[in-house]
Amino acid sequence: MFPDMSQYTWIVPDFVWELSENIDLDKLASALPELEKIAKLLPDMEKIGENFTFLKSLLSTGLGSEVNGASGLHLLLETTGESTLRVTDVPPTSAAMSDSSDKQFKKQGLLSELILIQQQIQQHEEEMRRAAANNAPPPPREPSPNPAPNPSPSQSNRKSYDKEKIDQLQEELLRTQSKYQRMLERLEKENKELRKVVLQKDEKGIHQRNVKKSLIDMYSEVLDILSFYDSNYNTQDHLPRVVVVGDQSAGKTSVLEMIAQARIFPRGSGEMMTRSPVKVTLSEGPHHVAIFKDSTREFDLGKEEDLAALRHEIELRMRKSVKEGQTVSPETISLSVKGPGIQRMVLVDLPGVISTVTAGMAADTKETIFSISKAYMQNPNAIILCIQDGSVDAERSIVTDLVSQMDPQGKRTIFVLTKVDLAEKNLASPSRIQQIVEGKLFPMKALGYFAVVTGKGSSNESIDSIKDYEEDFFQKSRLLRDGMLKAHQVTTKNLSLAVSDCFWKMVRESVEQQADVFKASRFNLETEWKNNYPRLRELDRNELYEKAKNEILDEVISLSQVTPKHWESILQKKLWERVSTHVIENIYLPAAQTMNSGTFNTTVDIKLKQWTDKQLPHKALEVAWETLQEEFARFMAEYKGKDQDDIFDKLKEAVKDESIKRHKWNERAMDSLRVIQHNALEDCSITDKPQWDAAIQFMEETLQSRLKDTDSIIADMVGPDWKQRWLSWTNRTPEQHIRNETKNELERVLKLHEDHTAYLANDEVTTVRKNLEARGVDVDPVLIKDTWHQLYRRHFLQKALLHCNLCRRGFYYYQRHFVDSELECNDVVLFWRIQRMLAITANTLRQQLTNTEVRRLEKNVKEVLEDFGEDTEKKVQLITGRRVQLAEDLKKVREIQEKLEAFIEALHKEK
């Protein structure tokens, strides 16, 4: 029975059914004057519509019937089953224009010729039945006592003649059917051209309307979202898609390319080319193009250079998705293919199943491929397109056992036998192919069985040449001629129609149930949020990141609000802490060992010059850089107290560390800083009494701080004194006892020689050691020198403090260059030079910080935030917690539910 096309309106693109509802036909008529020319080239659709009922009755026994696949599956394999424009879909003006071309179509007589051919087919079939009846053996009779005579020669000739006539009629029938099929294809091609013209006109904006997304595009969007959705509520993705599985090099990629009508996948000879799942969304459109989900570039599949670029891009994406040390990846590559006449569906091409891991593959490649395949096939609504290589022994197939495990009843499996041309040529018994396509050779069950040919094996073959070769092969093949294969079981075209039919049937049956599942999941997630975070907004990870980004930028801006006084104060303090030890130990103390003021000043000048040339500028820049970091961290810590969300702590710490890591101090400032410091240290003129007093105070504070530190070190060396031992009940260790005895002996030396130099002579060390041995204390010379160093330092600092107090009133003598005075205060001048250098250096560094470095740091922070914002893995790593995951799940579930509901609504409208 010819199918009722109204039941299959989902095959027809959305825009066709919406033409009469959304288009102002009068405006369309005035905007399309060239439709008269188009109508002359197209079939008389009105005439075909008038004769549609008559044609159905005539074709009831032809190829256009509804066929039954194996296992009772009713698959629409009608050649005219693709969408054709109905009379109501064509604007009235177009129908009127087509009247002028009636004579041209009548001259062609296309419809009459179709009817005539169908009558010829019926006549040939009737003649074949009569010939077969005449050639049938007579019914058995009762045995006769007398044997029957041998058949006469005339009877033998008659049988031979009948057999030849039957063969002739069969050949004539095949030729007529082929002619009939070609004419139907001609009609279909003309119809496709008409759809393409209308789509192109619509694309150019003549209709002036908003084109809605097609059903398949809406459905594909839902699948893309689900592929990245990881639910904690066990909400599984059970939405249908066509899963293409097969043994490696079985031809599954070629089958998919034939359905997509373009050679879009990378090819190789025997090697593994499909290294990750590729989701291909097929839909109808005016131009044959392909586009990746995450890209805006369109590949024109009609141009060979674009096809080559597309294959190269797919190969690059596959290799990029494979982690180091692996061969295949579960990461899905999403691709959309649009074109005239393409059946709408979503297919997933999986890596080919292998039996052995070869050299160069990861050890777990076989198990990984099985795991990926099972993950897709275990979806109870997935349609499994099982591809079997017909050119190899069926017993070598692995995929059939895998499919049988996942779908033992065969309720959602379609079996495809590829390379049938090679199978027919190589098999000694072609009936083996018949066993396969009838489901009798394998224990695997399936809805339907198909046999296809996907070319001669050359990667340079075009889709059109493969189609021609496939059609030519099956026209001449004895598999069809001898009835081993039925017409509806062959060609990739019939396969694509059947798969599309199954896909949409499964979608209609399961999509509403899936929508209910996500609705329940949404309710659970919203309930958990209300119970745990009732006063917080539902901010997902990206929204939280934007909030944290603004807070961090506000904190960075706060650096520019730091006062110059604060910068200079902390810079001067930190710089002196960094260099004070060097000044005391390497400059002041050696210079103080000299005998007169001239030698003191000379020693100081030389050592200050060496210090400025080598170390001081580097130390100053280190201090400035550390100060900038500490102030940045301080502001971020202070901002945290202002109702800040602690969920940002890891992110802020990472941004701070990365920004500081990227920040490079302007090294060109070092040379100018060296000159400034050198000039500051060369100035020895104290102009007024306040400067003198400030230098005295700075020197006194420094000496007292060093003396306190030295006393603490000596106390640790010798242990507790008698008072601490009595009050705290503690005793000295043996080492502390030796240290204490050594200290007492060395103090006698200092008492006898108050002007002793900073170092002990060897004979003095020997004398001290012998004196201690005489008291029963065995001591090492190194310990003696170490103890002396601390004692002499304390002695020196105590003398320096006394001298500092004497110089408080020495500014008058300083102005007279200490003439006629025994007081010399050159050490005060040294500390004034150091103090002035610190102030000038702090001022210079502050200017560089506020004018340059703070802005550069702010720029670095912005760059880091931009980089982190584009790195999804980084955001997942830095913004974590149940609250974040719950908000993410809520956002995804709502998006999925809304898109599913929109899809279901559009699906119901299309019915």
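Buried means under 20% relative accessible area. The model discussed here is predicted.

Q: What makes Trp-529 count as buried?
A: Trp-529 has 3% relative accessibility, and the cut-off for buried is under 20%. Trp-529 therefore counts as buried.

Q: How do you know whether Tyr-533 is buried or exposed?
A: The relative accessibility of Tyr-533 is 18%. Buried requires under 20%, so Tyr-533 counts as buried.

Q: How many aromatic pairs does the structure hold?
A: The structure holds 14 aromatic pairs.

Q: Why is the pair of Trp-529 and Tyr-533 called tilted?
A: The ring centres of Trp-529 and Tyr-533 are 4.9 Å apart, with the planes at 50 degrees. Pairing needs centres within 6.5 Å, stacked needs planes under 30 degrees apart and edge-to-face needs over 60.

Q: Why is the pair of Phe-698 and Phe-831 called edge-to-face?
A: For Phe-698 and Phe-831 the centres lie 5.9 Å apart and the planes stand at 70 degrees. The cut-off for edge-to-face is over 60, so this pair is edge-to-face.

Q: What makes Phe-698 and Phe-831 a tie between parts apart in sequence?
A: Phe-698 lies in helix 26 (residues 689-718) and Phe-831 in helix 32 (residues 826-870), so the pair ties together parts that are 133 residues apart in sequence. Both Phe-698 and Phe-831 are buried.

Q: Where does the charged end of Arg-317 sit?
A: The charged end of Arg-317 sits over the ring of Phe-292, 4.0 Å from the ring centre.

Methods: Residues numbered from 1 in each chain as written. Predicted model: local features only at pLDDT ≥ 70, side-chain atom pairs only at ≥ 80, totals over all residues. Heavy atoms only, no water. Phe/Tyr/Trp six-rings, centres within 6.5 Å; stacked < 30°, edge-to-face > 60°. Buried < 20%, exposed > 50% of the residue type's maximum accessible area, 1.4 Å probe, protein only. Helix = DSSP H or I, 4+ residues; strand = E, 2+ residues; numbered from the N terminus. Lys NZ or Arg CZ within 6 Å of the ring centre and 35° of its normal.
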